[in-house]
2 protein chains.
Amino acid sequence: MAVTIHDVARLAGVNSSTVSRVINGKATISPDTKERVYAAMRELDYHPNSLARSLASGLSGAIGVVVDARDAEAFSNVFFSRSLFAIEHAAQVRGYQVIIANGAQSRGGTVENLMKEHKVDGLILPPTTVKPALMETIGDFPYVVLGTPDTLRSETCWVDNNNEQGAEMAVQHLSKMGYCQIAYLGGYQKRGFTRRRVRGYKNANQGCEIIFPTDGTSENAFAAALEALKKENHPDAFVCNDNLAAYGLLKACRELHLSVPQEIGIVAFDNYPLAEYMDPPLTIVDIDTAMLGEQSAQLLFRRIENRVGIQQIMLSTNLVIRASSERKAK
Amino acid sequence: MAVTIHDVARLAGVNSSTVSRVINGKATISPDTKERVYAAMRELDYHPNSLARSLASGLSGAIGVVVDARDAEAFSNVFFSRSLFAIEHAAQVRGYQVIIANGAQSRGGTVENLMKEHKVDGLILPPTTVKPALMETIGDFPYVVLGTPDTLRSETCWVDNNNEQGAEMAVQHLSKMGYCQIAYLGGYQKRGFTRRRVRGYKNANQGCEIIFPTDGTSENAFAAALEALKKENHPDAFVCNDNLAAYGLLKACRELHLSVPQEIGIVAFDNYPLAEYMDPPLTIVDIDTAMLGEQSAQLLFRRIENRVGIQQIMLSTNLVIRASSERKAK
DNA sequence: TTGACTTGTGCAACCGCTTGCACTATGGAT
DNA sequence: ATCCATAGTGCAAGCGGTTGCACAAGTCAA
């Protein structure tokens, strides 16, 4: 059927093991033989069967990327899938294949399946999967968590963006722009990253914490903001947990005829495609999802090659300053 | 190292071929033996090595999903990656593994690599890869294009949403709402789906075509809309190629104090997360990316199992009516 | 010239599983 | 009692590579 290493060997007049060595380049082969083998491979359009290769060598040359997509449209997926491209790219460069699997709907066997049946060389996992039981079965198999796990933080290997620092930056920026009553709007407190953002906000905003948690929807943020802004001594700036919250806030400001950024300053997390087209354009704590993916893949490769131990990488976030926080008159 | 089929066989007191047959269930095995084998598998925590399985059986149990992510943030990717989850889900249900690969940065070998080296059983491809040369190497290997290819439309196997019908629906809806000068805004004409949307627009809007192509950015749409709306006899409704164009248009309306939907009606393609929070909320031609992914995977499985020939599936789009097109007074 | 290495290649076992073929019981049908 | 299906299982040859070991030929110092 398909061309095998033996066909190539026959044509080149050598043994198949020689062809194998030429392909893998980890033995000294005479230039002459090498050339004949290459010629034969070209002539026959030979493609090594990676299945057979993996089986014999014990290395699959694949990594598994587990996603946790309970709710298909949740932001976390967009977030994860954006990183996915970067992961794929890094993998391709290193000659690795990327297998994706959804850990949410299957009954927990995803990771085991990937490790034991598919023999991937390493795994990239979402923070939600980090539970003692799983870590038990993982043992010292190479993996990297993309995001900060809620538990076992210091014993696991992960890469995340620094949400805490992002929130601090946002507060500092707002206060530098002259806003003095900075509130935090939005965020579902069960999410680890939200809690970290809120913590950063608190750190930088010592003494005057005003937090309006929401259910994550824009309407809810609108309602919360509306109520907050109607009060006498209302905040003059908000750090928003995401773009949806910011949008609700913008709407509330419009409704109350409060001008942004003159009267109300806004900084929001995450750079949605429309953020820069809002009115006014939103100042954003941007998360470099591509870098996140890239770094997690690189760390995983280092772990696979056993060059590093358990390690955590915290990437800093970027403040993209746009009109929503640029008070003109101080 | 790992538990093999032989270990199980030994423990169960049978030959390894019997264990194999129990696993695959395609031979008659006595209930007694079967039970002993299952017990042994459980006791040893046996996981079949899928690599060896694929090699021996000639079926990899994997499908390859090729993405074309030149520009990491382009909409097409978001679009594709949303479908990806649905594809993964369908694959998981059928026991298939999903391998993703980016076809853009590699020098064209992605598909060959997946087919010949990784022995995937089928492929899901982006429309951009459909070129005569590739179709040549693909031959009658099972594949499905996710989107409508620009060439070889009737000879290839694809699944797409009906952009043409979507645009027609948009026009009909606007005209039913009492708008009579309906224009088309936005769209990069090189993109096949844009051309199809424009064609649908033209079909439904016979005789009075007003088209404002843009470079795809919101600013450009803003400028184009502003200019168009300043004219005496300007359009009173727009079908927008995407949410960004709609956003530019909304901004232009605000600038010119034209009320939406009273004076200007808007329908836009694609349901961005913020679309329903815009002011006013946008009426949308929604594309069911999950269904698109699901259908393409299902079609691929049918092809893999050789149950159907070349086939095209056109999914209809949904109109999500919101305030931006609901003129109150006629 | 000899002995000790190095270099280049072949041999054959093995990776873990599948599957065609052969063989033994077993249960009717005749 | 004889013959024939048929169910249930084992044997062994692959699937397409990798790799430890063996060995011939060549290099070089003594």
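## A tour from helix H11 of chain B

Select helix H11 of chain B, which is mostly covered: ten of its 13 residues are buried. The model is a predicted one. Colour Asn243(B), Leu244(B), Ala245(B), Ala246(B), Tyr247(B), Gly248(B), Leu249(B), Leu250(B), Ala252(B) and Cys253(B) to show the buried set.

What do these buried residues pack against? Show helix H11 (243-255) of chain A, and with it E6, helix H10 (218-230), E8, E9 and E10 of chain B.

Now look at the two ends. Asp242(B) caps the N-terminal end of H11(B), with a side-chain oxygen 3.1 Å from the backbone nitrogen of Leu244(B). Just after the helix, His257(B) has a positive phi of about 55°. For a length check, take the end C-alpha atoms of H11(B): they are 18 Å apart, in agreement with the 18 Å that 13 residues should span at 1.5 Å a residue.

Next, select the sheet of chain B. Six strands make up this open sheet, in the order E7-E6-E8-E9-E10-E12, with mixed pairing. Its edges are strand E7 (211-212) and strand E12 (318-320), each of which pairs on one side only.

- H11(B) lies across E6, E8, E9 and E10 of chain B, at about 155° to E9(B).

Zoom in on strand E8 (residues 237-240) and strand E9 (residues 265-269) of chain B, which pair in the parallel sense over four bridges. Here Cys240(B) stands opposite Ala268(B) of E9(B).

Move on to the nonpolar cores. The largest has 94 residues, and Leu123(A), Ile138(A), Leu123(B) and Ile138(B) have the most contacts inside it. Centre on Leu123(B): beyond its neighbours within four places in sequence, its contacts include Val66(B), Val111(B), Met115(B), Ile138(B), Phe141(B) and Leu300(B). A second, separate core has 64 residues, among them Leu249(A), Ala275(A), Ala183(B) and Val260(B).

Finish in chain A with helix H12 (residues 289-304). Buried residues of H12(A) include Leu292(A), Ser296(A), Leu300(A), Phe301(A) and Arg303(A). Just past the helix is Asn306(A), with a positive phi of about 60°.

Methods: Residues numbered from 1 in each chain as written. Chains lettered and ligands numbered in written order. Predicted model: local features only at pLDDT ≥ 70, side-chain atom pairs only at ≥ 80, totals over all residues. Heavy atoms only, no water. Pairing = 2+ DSSP bridges. Helix = DSSP H or I, 4+ residues; strand = E, 2+ residues; numbered from the N terminus. Contact = heavy atoms within 4.5 Å. Axes fitted to C-alpha atoms, helices over the stretch in contact; angles between N-to-C directions. Core = buried A, V, L, I, M, F, W, Y, C linked by side-chain atoms within 4.5 Å. Buried < 20%, exposed > 50% of the residue type's maximum accessible area, 1.4 Å probe, protein only. Expected span 1.5 Å × (residues − 1). Polar contact = N/O pair within 3.5 Å; in protein donor to acceptor, adjacent residues only side chain to side chain.
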